[in-house]
Amino acid sequence: DCYSHKKILDLITKGAIVGVVRGNSEHGPRALGNRSILCDPTIPDMKDQLNAKVKNREYYRPFAPVVRLEDVNKYFEWDKESRWMSYCPKVRDEYIEKIPGVVHIDNTARVQTVTEEQNKWLYDLLTQLDKQTGMGILINTSFNIAGKPLVSTYMDAVHLLDTTNMDNLVLEDYILW
């Protein structure tokens with residue numbers, strides 16, 4: 001897993017937009033790590049790239065960050081769990097310009113927290129990213145395009161890889177181009 005995390009993070013930190021299909025699909029309207037599109041919020045125009053290449057949604061709609069629960073207070077004025085992306089805390093002033101891909105117009109973000117028990121794979125990915133870059137935070141958005149439901153199957157995911165400009169796809173422990 002460490003090798004695959006390193007490879008995935010090498011892609012993401014170079015600007016790749018990566019779809020993820022791992023395990024069972026989550027229940028509900030949010031991407032919680034098993035049916036997600038992940039990318040780097042520190043890249044200044046990543047929000048626009050993600051919209052243009054994959055999501056095709058309104059330019060003003062922000063994307064959500066995912067962080068480990070123990071790191072949430074580092075980036076946000078918040079010290080509680082936000083597992084379901086139900087809260088929009090203020091982004092700490094020192095990070096507003098560092099993570100533009102997830103900052104709303106009012107300097108808040110609809111944050112998702114994750115623990116090792118909730119999603120070990122995503123937690124470990126964020127841990128490795130923090131070790132690698134000092135910024136353990138990613139854009140996490142649902143693996144779908146505007147007006148369509150979340151992908152359910154590998155075939156759905158491969159179809160979106162083929163019909164959008166998504167860069168890579170993680171199917172369980174495999175990385176596709």
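Which side chain does a polar contact of 2.6 Å join to that of D40? Select D40 and look for T42: the two side chains are joined by that 2.6 Å contact. A polar contact here is a pair of N or O atoms within 3.5 Å; within protein, one must be able to donate a hydrogen and the other to accept it, and residues adjacent in sequence count only if both atoms are side-chain atoms.

Before moving on, a word on the model. It is predicted, so local features need pLDDT of at least 70 and side-chain atom pairs count only at pLDDT 80 or more, while totals for chains, interfaces and linings use all residues. Residues are numbered from 1 along each chain as its sequence is written, and side-chain values use heavy atoms, with hydrogens and water left out.

**Stop 1: around D40**

Stay with D40, in the loop between β2 (35-39) and α2 (46-55). Helices (H or I, at least four residues) and strands (E, at least two) are DSSP runs, numbered from the N terminus. D40 is buried yet has no salt bridge, and K14, the nearest side chain of opposite charge, is 11 Å away. Buried means under 20% relative accessible area, exposed over 50%, and partly exposed in between (1.4 Å probe, protein chains only). For charge, Lys and Arg count as positive and Asp and Glu as negative; His and the chain ends are not counted. A salt bridge is a side-chain nitrogen of Lys or Arg within 4 Å of a carboxyl oxygen of Asp or Glu.

**Stop 2: N140**

Next, select N140 in strand β5 (residues 137-142). N140 counts as buried because its relative accessible area is 1%. Now show P65, which is 75 residues from N140 along the chain, with 5.7 Å separating their C-alpha atoms.

**Stop 3: two positive phi values**

Most residues other than glycine have a negative phi. Go to M85, in the loop between α3 (72-75) and β4 (112-114). M85 is not a glycine, yet its phi is positive, about 60°. With 4% relative accessibility, M85 is buried. Then try E172, in the loop between β6 (168-171) and β7 (174-176). The phi of E172 is also positive, near 55°, and this residue is partly exposed at 25% relative accessible area.

**Stop 4: salt bridges**

How many salt bridges does the rule count? The count comes to 10. Start with D71 and R68, whose side chains meet at 2.7 Å, N to O. D71 is buried, at 10% relative accessible area, and R68 is buried too, at 8%. Move to D93 and K90, which form a salt bridge of 2.9 Å, N to O. Here D93 is exposed, at 55%, whereas K90 is partly exposed, at 30%. Then select E116 and K120, paired at 3.3 Å, N to O. Now highlight R68, E70, D71, K74 and D130 together: salt bridges that share partners join them into one network.

**Stop 5: a pocket**

Finish at the second largest pocket, with a volume of about 170 Å³. Its lining includes N24, H27, R83, W84 and Q118. On a 1 Å grid over the protein atoms alone, a pocket is an open set of points where a 1.4 Å probe fits, with protein on both sides within 12 Å along at least five of seven lines; lining residues have an atom within 4 Å of a point. Grid points are joined across faces, edges and corners, and the volume is the space filled by probe spheres set on the points.
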